[in-house]
Amino acid sequence: MAWTVLVLSGLLETAWAIALDRSSGFTRPLPTAVFAVTLIGSMAGLAYALRDIPVGTGYAVWVGIGAVGTALVGMLALGESASLPRIACLALVVAGVVGLKLFH
């Protein structure tokens, strides 16, 4: 259960990062509210997962999922560069996250 919550928390990290960008410095109410709710949910899920997963592994997986998710949203929906080197680097992050799970 802790791993499932950790993955969902990482996805929420993607959501709050995008909402933070869309909030325009907290000047837009809806994205600001989405940011606050998803940030709290992401942190709560991380805290829950860390009861069973070591902090180094849990935090690295959480950040990795959030970073890859945010970069993918940027590339797929926000017009950011989707160059082969960027995709290769994201694949390395995914490999690291999978490795942390496998060797946990």
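**Legends to close-up views**

Ser24 counts as partly exposed because its relative accessibility is 42% (buried means under 20% relative accessible area, exposed over 50% and partly exposed in between, with a 1.4 Å probe and protein chains only). The model is predicted: local features need pLDDT of at least 70 and side-chain atom pairs count only at pLDDT 80 or more, while totals for chains, interfaces and linings use all residues. Residues are numbered from 1 along each chain as its sequence is written, and side-chain values use heavy atoms, with hydrogens and water left out.

**View A. Ser24 and Phe26 in the loop between H1 and H2**. Ser24 is found in the loop between H1 and H2, and Phe26 lies in that loop too. Helices (H or I, at least four residues) and strands (E, at least two) are DSSP runs, numbered from the N terminus. Phi of Ser24 is near 50°, a positive value in a residue other than glycine. Phe26 has a positive phi as well, near 65°, and is also not glycine. With 48% relative accessibility, Phe26 counts as partly exposed.

**View B. The crossing of H1 and H3**. The axes of H1 and H3 come within 8 Å and cross at roughly 40°. Axes are lines fitted to C-alpha atoms, for helices over the stretch in contact, and angles run from 0 to 180 degrees between N-to-C directions. H1 and H3 are therefore oblique to each other (under 35 degrees counts as roughly parallel, over 145 as roughly antiparallel, 65 to 115 as roughly perpendicular and the rest as oblique). Residues making the contact (heavy atoms within 4.5 Å) include Trp3, Leu6, Val7 and Trp16 of H1 and Val61, Trp62, Ile65 and Val73 of H3. By class, this contact has 12 nonpolar, eight polar and one charged residues. Ala, Val, Leu, Ile, Met, Phe, Trp, Tyr, Cys and Pro count as nonpolar, Asp, Glu, Lys and Arg as charged, and the others, Gly among them, as polar.

**View C. The crossing of H3 and H4**. Helix H3 (residues 55-77) and helix H4 (residues 84-102) have axes that come within 9 Å and cross at roughly 155°. The two helices, H3 and H4, are therefore roughly antiparallel to each other, and their crossing is left-handed. Among the contacting residues are Ala60, Val61, Val68 and Leu72 of H3 and Ile87, Leu90, Val94 and Leu100 of H4. The contact of H3 with H4 has 13 nonpolar, two polar and one charged residues.

**View D. Ala60 in helix H3**. Ala60 is partly exposed, with a relative accessible area of 33%. Leaving aside its neighbours within four places in sequence, Ala60 is in contact with Val55 and Leu100.

**View E. The largest nonpolar core**. A nonpolar core is a set of buried Ala, Val, Leu, Ile, Met, Phe, Trp, Tyr and Cys residues joined through side-chain atoms within 4.5 Å. Of the 13 residues in the largest one, Trp3, Leu6, Ile53, Val61 and Trp62 touch the most other members. Helix H1 (2-22), helix H2 (29-49) and H3 each supply at least two residues, and the largest share, five residues, comes from H1. Neighbours within four places in sequence aside, Ile53 is in contact with Ala2, Trp3, Leu6, Gly58 and His104.

Conventions:
Left-handed = near helix turned anticlockwise from the far one by under 90°.
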